[in-house]
Amino acid sequence: MKLTQEEKDILNGSQGETMAKIMKTVVDFGDVFGAKKLVPITHASHFVTSFGIGLLKPLFRTMDEIISAGIKTKEPFTVDPRPIDYKNVKCGLLNKLIFSKIMYKEQKRYEEQLKKIGLKDEKGFTCTSYFEEVGNLPKYGDILGWAESSAVVYANSVIGARCNRNSGMLDLFSAIIGKVPEFGLLTDEGRKADWIIDIQTSKLPEAQILGSAIGLKVMEDVPYIKGLDKFLGTELNDDVKSYLKDFGAASASNGSVALYHVGGLTPEAKEQGKKLIKKDAKVYTITDKELDRVYKSYPILWKNLNAKPKLCFIGCPHLSMSQLKVWATNIINNLKINNRKKVTVRTILTTSPQIADEFRNTELYKKLQKTGVKVSSICPLMYTNNPIAGSKPIITSSNKLRTYSSSRFYKNDDILRIITGGNK
Ligand code: F3S
């Protein structure tokens, strides 16, 4: 990689040994991917590692070294959700012991470390940092060094920012250096589509299943989706952005999509149209039948397939305000229809801390509280990813949570029916 004199100096220790090691890691990473140079990051970072899991000893050691050297990130950053919230997501004594003494015993220490190197604020814990309420919202063309897969795919596709799918710690190091290697999705060529996805369904596909189908088919390639604007329209309003958030997270976790274009809707597709599609692009046609096939292919990892669900998580990635209100309203209305006061499965709606606080001041929240539903800002995956919580029959409407845990996936309408005790 061709480095500037200043970059070479840092590599040779002009800003101390720790900065030299950080620079070396970022440069080595770029070299592996054939990058020619480093380019400046133009917007604040977002980190994927939010959990003080005891096993991550090298991370905590590195953070200590960074702090001792007096190094901070160039801009205040946000980070993925916390793993625990005892107030709103209660757990048994044994589970609590496992969380506090084994799994997340370094949580407090790690959060202190994050604060010292530049965490935005106490509420900076969410995977949806790009929500306006959260305030870490890049703009079109920004260069980013993020790693959280659901945020990377959103930033690239819906905002038109440029970000590779980095890893944990590389997001930290590039936020300190203020630069990332230029390759892949940072280049015009890397943003061209390898696939045409032809939507031939009779209605708007469920975002989580469409994202899953495309992710499973294209893996890390870039898809250009044709025919979705017929259902979603051509404006990126709140509902459409929420749909694309869930769709993208499913494509990034069921495959490893980091950028998609939706014809007539997402910024680059609107700007460049079919010029974004490579000449030899493959075609994948999505029909109702194909989505049904994908849905039915999901393995069910519960020990007892007929178990009654014990816990339900909705909001992975975190719900937008409009989604939260729709879920709350639907739950309240459906309980009324089913002649019930409380949900039949312990249900947690997860959203960013800022949205949760705003929502807790509404009349709708007061009504929702009476149903037994809780609102939290944890990461459901971090909560379920241990032998005790993981052995429970958990249901979810998130295809990401399904993929990385033993939670069972249901479509939105089915989840609503199950948690409100409906028969149909
Ligand atoms: Fe967000 Fe955790 Fe899901 S980081 S996307 S809530 S797995």
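Predicted model: local features only at pLDDT ≥ 70, side-chain atom pairs only at ≥ 80, totals over all residues.
Close-up 1. Leu 93 belongs to helix α4, which covers residues 93–103. Together with Leu 94 and Leu 97, Leu 93 makes a nonpolar surface patch of about 330 Å².

**Close-up 2. Helix α6 under cover.** Now for α6, residues 149–159: this helix is mostly covered, with 11 of its 11 residues buried. Among the buried ones are Ser 149, Val 153, Tyr 154, Asn 156 and Ile 159. What sits over them? The cover for the buried residues of α6 includes α10 (238–254) and α11 (267–272), along with strand β9 (311–319) and α18 (399–404). Gly 160 follows α6, and its phi is positive, near 85°.

**Close-up 3. The five-stranded open sheet.** Read across, the strand order is β11-β10-β9-β12-β13, and the pairing is parallel. The edges belong to β11 (374–376) and β13 (408–409), each of which pairs on one side only.

**Close-up 4. β9 beside β10, with a helix packed on.** Zooming in on that sheet, β9 and β10 (residues 346–351) pair in the parallel sense over five bridges. Look for Leu 319, which stands opposite Thr 351 in β10. Helix α13 (residues 321–337) packs on the sheet and touches both β9 and β10. The direction of α13 makes about 155° with that of β9.

Terms used
Residues numbered from 1 in each chain as written. Heavy atoms only, no water. Buried < 20%, exposed > 50% of the residue type's maximum accessible area, 1.4 Å probe, protein only. Helix = DSSP H or I, 4+ residues; strand = E, 2+ residues; numbered from the N terminus. Contact = heavy atoms within 4.5 Å. Pairing = 2+ DSSP bridges. Axes fitted to C-alpha atoms, helices over the stretch in contact; angles between N-to-C directions. Patch = residues over 30% accessible without salt bridge, like charges linked within 9 Å, V, L, I, M, F, W, Y side chains within 5 Å. Areas by Shrake-Rupley, 256 points an atom, 1.4 Å probe, with all protein chains shown as cover. Salt bridge = Lys/Arg side-chain N within 4 Å of Asp/Glu carboxyl O.
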